[in-house]
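Please read them alongside the coordinates.

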Amino acid sequence: MDAKVISAAERRAQVQLDAASIGIDEDFISDLVDAFYARVRADQQLGPIFDEVIRDNWDAHLAKMKLFWASVALNAGLYSGRPMDAHRRLSGVEPRHFSLWLELFRSTLDDISPTPAVRLYFVERAERIAQSLQLGMFGAPGVPR
Ligand code: HEM
């Protein structure tokens with residue numbers, strides 16, 4: 001068997017190369033997070049949900065979200081948090097808010113992605129994470145949590 005065992009550092013370097021080869025880097029992630037949350041804050045339904053929790057700590061939230069996306073997209077390993085707990089604590093969030101969140105995320109990417117591949121890279125990951133957050137928050141239809 002010649003399966004190659006690779007170290008975490010090698011894996012991280014590979015993910016970063018793959019991401020860089022389609023044009024994803026920390027600058028793009030920073031722009032994406034800034035542009036996306038500007039739309040979230042301006043949204044009549046999502047804005048108040050975020051503002052109620054984040055209040056005047058938006059700078060810290062944006063910085064955290066940049067580390068989160070760098071960990072997801074670049075395997076940067078700089079985010080350590082508990083997204084499931086953070087979302088389970090929220091009140092008044094329903095599945096329709098997730099649809100809206102994803103709609104805003106997609107339309108932000110439509111406007112700023114350098115290529116369709118970059119858009120797809122982030123959309124696929126956001127949809128997967130949104131799905132797992134929703135399973136944790138609302139359960140699967142017909143299946144108790
Ligand atoms: C309806 C959809 C969503 C709403 C209303 C929402 C709202 C929030 C709020 C208010 C916070 C701040 C929590 C706090 O500081 O205690 C937060 C944190 C966070 N959100 Fe969301 N979110 C949504 C969807 C998502 C999705 C789809 C993702 C990932 C793709 C995501 C990733 C995160 C992460 C990583 C944090 C930081 C958690 C931490 O470490 O403190 N959220 N979200």
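The points below go from the whole chain to single residues.

1. This is a predicted model. The protein chain has seven helices and zero strands, and its order along the sequence is α-α-α-α-α-α-α.

2. Along the principal axes, the C-alpha atoms of the protein chain fill a box of roughly 50 × 35 × 25 Å. Of the 145 residues, 12% are buried. Among contacts between residues at least 6 apart in sequence, 77% join residues at least 24 apart.

3. Helix 2 covers residues 26–42, and its 17 residues should span 24 Å at 1.5 Å a residue. The C-alpha atoms at its ends are 24 Å apart, so expectation and model agree.

4. Which residues of helix 2 are buried? They are Ile29, Leu32, Val33, Phe36 and Tyr37. These residues lie on the same side of helix 2, because they cover an arc of only 110 degrees around the axis. An α-helix has 3.6 residues a turn, so residues three or four places apart point the same way.

5. The cover over the buried residues of helix 2 includes helix 4 (58–74), helix 6 (95–112) and helix 7 (116–138). On the face turned away from the buried side, helix 2 carries the exposed residues Asp27 and Ala42.

6. Pro48 sits in helix 3, residues 46–54. Is Pro48 buried or exposed? Pro48 has 11 other C-beta atoms within 10 Å, and a residue counts as exposed at 12 or fewer, so Pro48 is exposed.

7. Pro48 and Pro83 are separated by 35 residues in sequence, and their C-alpha atoms are 19 Å apart in space.

Conventions. Residues numbered from 1 in each chain as written. Predicted model: local features only at pLDDT ≥ 70, side-chain atom pairs only at ≥ 80, totals over all residues. Helix = DSSP H or I, 4+ residues; strand = E, 2+ residues; numbered from the N terminus. Expected span 1.5 Å × (residues − 1). Buried ≥ 20, exposed ≤ 12 C-beta atoms within 10 Å, placed from the backbone. Arc of directions from axis to C-beta. Contact = placed C-beta atoms within 7 Å.
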